[in-house]
Amino acid sequence: MTPAAVLVPLVDHPGGMTVLLTQRTRHMNSHAGQISFPGGRREPGDPSPEETALRETEEEVGLDRRHVDLIGRLGVHDTGTGYRVLPVVGLVVPPFDLTLEPTEVEEVFEVPLDFVMEPVNHGVETRLHRGKEREFPILPWGDYFIWGLTARLLRELSMVLKG
């Protein structure tokens, strides 16, 4: 398994907290068009998963690490594509500027944390994957279809925050 880390950015707006997500470009070799957290594979120079998550976030969406207050980790998750992903949770206080890496990120959007916290919004869908039926967690929001690891991490986040 290839070590990787993602940042789970909780944006602390005066009107309520949100979770910042990205939509990957549709021409990427892997996970094209999918909704994800900023992050990626750990590089040899990264001293920690937190450093990986912050570096990848800066590269993908231009969110400077000075705007991120790291507050914890979620559990490690192995993916079917060979990654062992450690999610790092960070509190982000606006205002901040974003500059998207156009070869990786098509769009950035935010989902209200209140929506993520509602169990009724989480579901499971069956899909054919590599010739076998598999169940995937889902969290549809507006025009966005959040599924797979990202939906699983959002469900875990809601459970951790509820205690």
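Student: What separates Glu 59 and Arg 55 in helix 1?

Tutor: About one helical turn, because the two sit four residues apart in helix 1 (residues 49-61). Keep in mind that this is a predicted model.

Student: Why is the contact between Glu 59 and Arg 55 called a salt bridge?

Tutor: The closest N and O atoms of Glu 59 and Arg 55 are 3.1 Å apart. The cut-off is 4 Å between a side-chain nitrogen of Lys or Arg and a carboxyl oxygen of Asp or Glu, so the pair qualifies. Arg 55 and Glu 59 also belong to a network of salt bridges with Asp 46 and Glu 56.

Student: What makes Arg 66 and Asp 64 a salt bridge?

Tutor: Their side chains meet at 3.7 Å, N to O. That is within 4 Å, so the label holds. Arg 66 is exposed because its relative accessible area of 66% is over 50%. Asp 64 is partly exposed, at 30%.

Student: How many salt bridges does this rule give?

Tutor: The count comes to nine. Glu 125 and Arg 127 form one of them, with the closest N and O atoms 3.1 Å apart. Glu 125 is partly exposed at 27%, and Arg 127 is partly exposed at 28%.

Student: What is the bridge partner of Glu 125 in strand 10?

Tutor: Phe 136. Strand 9 (residues 123-129) and strand 10 (residues 132-141) pair in the antiparallel sense over seven bridges. Pairing needs at least two bridges, so these strands qualify. They form a hairpin with two residues between them. In the turn, Arg 130 has a positive phi of about 55 degrees.

Student: How do you know that the length of helix 1 agrees with what it should span?

Tutor: Its 13 residues should span 18 Å at 1.5 Å a residue, and its end C-alpha atoms are 18 Å apart, so the two agree. Gly 62 follows helix 1, with a positive phi near 75 degrees.

Student: Why is helix 1 called mostly covered?

Tutor: 10 of its 13 residues are buried. Among them are Thr 52, Ala 53, Leu 54 and Val 61. The cover over the buried residues includes strand 1 (2-13), strand 5 (68-73) and strand 8 (105-112).

Student: How far does helix 3 reach from its first C-alpha to its last?

Tutor: Helix 3 (residues 148-162) has 15 residues and reaches 21 Å, close to the 21 Å expected. Its buried residues include Ala 151, Leu 153, Leu 154 and Leu 157. Just after helix 3, Gly 163 takes a positive phi of about 85 degrees.

Student: Which residues touch the most other members of the largest nonpolar core?

Tutor: Val 19, Leu 21, Phe 37, Ile 146, Leu 154 and Leu 157, out of 23 residues in that core. Elements giving two or more residues to this core include strand 2, helix 2 (113-117), strand 11 (144-147) and helix 3. Apart from this core lies another, of 14 residues, among them Ala 5, Val 11, Leu 63 and Val 105.

Student: What is Leu 154 in contact with, leaving aside its neighbours within four places in sequence?

Tutor: Its contacts are Val 19, Leu 21, Phe 37, Val 116, His 122, Leu 139 and Ile 146.

Conventions
Residues numbered from 1 in each chain as written. Predicted model: local features only at pLDDT ≥ 70, side-chain atom pairs only at ≥ 80, totals over all residues. Heavy atoms only, no water. Buried < 20%, exposed > 50% of the residue type's maximum accessible area, 1.4 Å probe, protein only. Expected span 1.5 Å × (residues − 1). Contact = heavy atoms within 4.5 Å. Core = buried A, V, L, I, M, F, W, Y, C linked by side-chain atoms within 4.5 Å.
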